[in-house]
Amino acid sequence: MDQIDILDELPKFTQLGIGIVAFIVVVGILLLVVDKLPGYDKGRFAALVFLLPAGLLLLIGMIYPAIRTVVLSFFDGKGEKAVGFDNYVWMFSDESIQQVLRNTLLWVILVPLVATATGLIYAILIDKTRTEALAKALVFLPMGISFVGAGIIWKFVYAFNANSDDQIGLLNQLVVWLGGDAQPWLLNGPWNNLFLIIVMIWIQTGFATVVLSASIKAIPGEIVEAARLDGVNAWQMFWRVTVPSIRPALVVVLVTMSIAALKLFDLVRTMTAGNFGTSVVANEMYTQAFRLSQQGRGSAMAVFLFLLVTPIIIYQVRAMRTRREER
Amino acid sequence: MTTLTPMAGKPAAKGGKPESRRTKAKKRLTSRTASVIALIIAILWTTPTFGLLLSSFRPAEDIKTSGWWTFFANPSFTFDNYAEVLLSDSSAGRLGSYFINSLVITIPSVLFPVAFAAFAAYALSWIRFKGRDTLFIGIFALQVVPLQMALVPLLSFFSSNFALEDEGKFIQIWFAHTCFALPFAVFLLHNFMSELPGDVIEAARVDGANHGTIFRKVVLPLITPALASLTIFQFLWVWNDLLVALVFGSGQDTSPMTVRLAELAGSRGEEWQRLTAGAFISIVVPLIVFLSLQRYFVRGLLAGSVKG
């Protein structure tokens with residue numbers, strides 16, 4: 001048969017060798033050059049050398065392409081003929097894209113809210129317990145799993161068999177045990193979107209747990225003690241002490257997750273490939289630009305994603321500026 | 001796992017007023033409820049992965065006809081799925097070949113951005129020059145720019161200028177990963193570097209060291225933990241990536257495991273014996289890295305997110 005042949009794989013290792021040698025040479029030259037730099041106070045030239053590789057790569061790999069994408073979004077599928085705002089008009093009038101936009105909205109709302117809430121509750125519940133480290137690790141584990149891997153794990157949980165007696169998917173088996181009928185969870189809209197979103201929540205909760213747990217531990221003991229002396233109950237403690245104290249961390253977690261949900265691609269690609277009414281903007285962008293050769297439409301969707309994160313960028317830059325001035 | 005209830009039998013705080021029996025009972029009840037909820041979350045979060053792992057060791061016929069939970073009543077165990085999916089012909093997956101691709105993609109895609117970001121972060125934190133803050137904020141803002149913005153033009157940049165073939169396509173994958181990683185990498189390392197004590201740098205300067213020497217002999221050794229966190233981040237990101245690999249790689253020559261698995265999940269959605277074993281192979285490498293170096297990962301996560 002067509003068995004795997006190690007000889008066929010050799011060129012790959014050669015390529016890897018070339019890559020590593022290139023790395024050593026480039027970094028070696030850089031280190032040599034910075035070693036020969038003039039004295040400490042002549043900072044300008046030194047800065048140029050230190051920033052050159054990263055700066056060059058960012059220019060070629062991000063800044064120029066991003067500008068080019070904006071331009072392309074006003075051109076046709078092959079990038080040859082200018083079409084004005086046609087691609088954007090298409091985006092907001094096409095029925096199937098309307099659904100894509102609605103789905104993305106659902107992702108951006110549900111994932112941060114549910115994952116953060118679950119992560120926060122879990123972090124509080126396991127705080128200062130004997131098994132805290134283990135409990136945290138268990139929920140954090142999905143962070144190390146690829147979205148593709150997570151997609152397969154959950155596709156297996158959702159697996160459906162029309163003959164309800166032998167289900168291999170855990171969810172359908174539970175439903176059957178409870179006396180219900182097995183469902184093809186990933187096929188029936190609009191609920192299938194929720195079943196995809198659950199997977200993302202499953203991945204992201206650990207992130208919320210770890211960040212918020214660190215933040216909870218940083219709450220000064222005196223505040224908690226003072227509140228306890230005032231006789232607050234657990235509920236009041238949560239809303240009046242814990243939540244206000246960890247507000248900055250909460251904002252960071254929510255923002256990070258919103259961005260992740262907005263750009264989400266892999267899960268949808270692996271689990272449904274965007275069929276059955278589950279596509280999201282990032283998946284549709286890929287389909288248009290690289291599967292259907294509609295560069296203009298794909299670019300317009302990328303620009304749309306960018307516009308959606310712009311407020312976050314502005315907010316972040318402002319926060320960063322104030323923080324730097326405080327120093 | 002059942003020992004999640006250490007708070008339950010704990011005596012009332014020393015020195016505080018003695019608690020009445022009722023509040024004690026109430027406390028015990030709430031902490032027990034809390035433990036149960038925590039336990040439920042923990043079980044919900046681990047069962048899906050466990051089910052996949054267990055299934056990957058069951059014979060193909062069993063996986064297709066019965067749920068993995070029946071394993072406990074009727075255990076049967078095999079490594080066939082792994083042998084098949086790793087080594088056999090291409091229709092069964094031949095993940096071995098894609099596993100090598102993942103390695104070849106990941107190693108340079110981690111080395112380059114970590115090194116370049118270290119250089120850039122040094123300049124942004126310890127060299128005084130005009131426009132430094134603006135430059136830093138610019139790079140910081142790039143973090144949030146969706147990489148979708150760069151895909152189409154960057155791909156045509158490569159295909160029209162270099163026309164890389166076969167294994168050569170690794171170069172464009174490395175390049176793309178390196179560029180996309182830089183904003184976060186620079187930001188993270190800058191966070192660590194700028195918090196180094198100024199007098200250490202100052203002492204080296206008084207000794208006549210230039211920036212190159214300070215970077216190599218003073219700063220790099222001090223930020224090794226930060227380099228470790230960044231390396232783990234980048235490793236996980238590249239190994240687990242699907243989008244960049246789909247756009248810049250192609251076929252069995254350069255596509256990593258994620259691409260192959262996504263294909264298998266789509267076209268052969270019912271071949272669970274291959275999918276479960278395949279998914280586990282792709283999961284296990286990052287999981288080992290992740291679990292053994294979790295400390296660094298968490299540290300990086302906190303530095304990169306809470307401060308940012």
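Start at B:Leu189: skipping its neighbours within four places in sequence, B:Leu189 is in contact with B:Ala117, B:Ala118, B:Ala121, B:Ile223, B:Ala226 and B:Leu230. Contact here means that the C-beta atoms of two residues, placed from the backbone, lie within 7 Å.

A quick word on ground rules. This is a predicted model, where local features need pLDDT of at least 70 and side-chain atom pairs count only at pLDDT 80 or more, while totals for chains, interfaces and linings use all residues. Residues are numbered from 1 along each chain as its sequence is written, and chains are lettered from A and ligands numbered from 1 in the order in which they are written.

Now zoom out from B:Leu189. Together with B:Ala117, B:Ala120 and B:Val186, B:Leu189 is among the residues with the most contacts inside the largest nonpolar core, which has 178 residues. Such a core is a set of buried Ala, Val, Leu, Ile, Met, Phe, Trp, Tyr and Cys residues joined through C-beta atoms within 7 Å; buried means that 20 or more other C-beta atoms, placed from the backbone, lie within 10 Å of a residue's own. Helix H4 (residues 95-126) of chain B supplies the largest share of this core, 20 residues. Helices are DSSP runs of H or I with at least four residues, strands are runs of E with at least two, and both are numbered from the N terminus.

On to where the chains meet. Chain A and chain B each put 102 residues into their contact. On the chain A side, helix H2 (residues 43-72) gives the most, with 17 residues. That side has 66 nonpolar, 23 polar and 13 charged residues, counting Ala, Val, Leu, Ile, Met, Phe, Trp, Tyr, Cys and Pro as nonpolar, Asp, Glu, Lys and Arg as charged, and the others, Gly among them, as polar.

What does chain A look like on its own? Its secondary structure is 14 helices and zero strands. The C-alpha trace spans about 70 × 60 × 50 Å along its principal axes, and 42% of the 327 residues in chain A are buried.

Finally, chain A splits into domain 1 (6-85) and domain 2 (87-326), with bounds from an automatic or database domain assignment. Their C-alpha centres lie 32 Å apart. Eleven residues of domain 1 are in contact with eleven of domain 2, and the domain 1 side comprises five nonpolar, four polar and two charged residues.

Notes:
A residue is buried if 20 or more other C-beta atoms lie within 10 Å of its own, exposed if 12 or fewer, and partly exposed in between; C-beta atoms are placed from the backbone.
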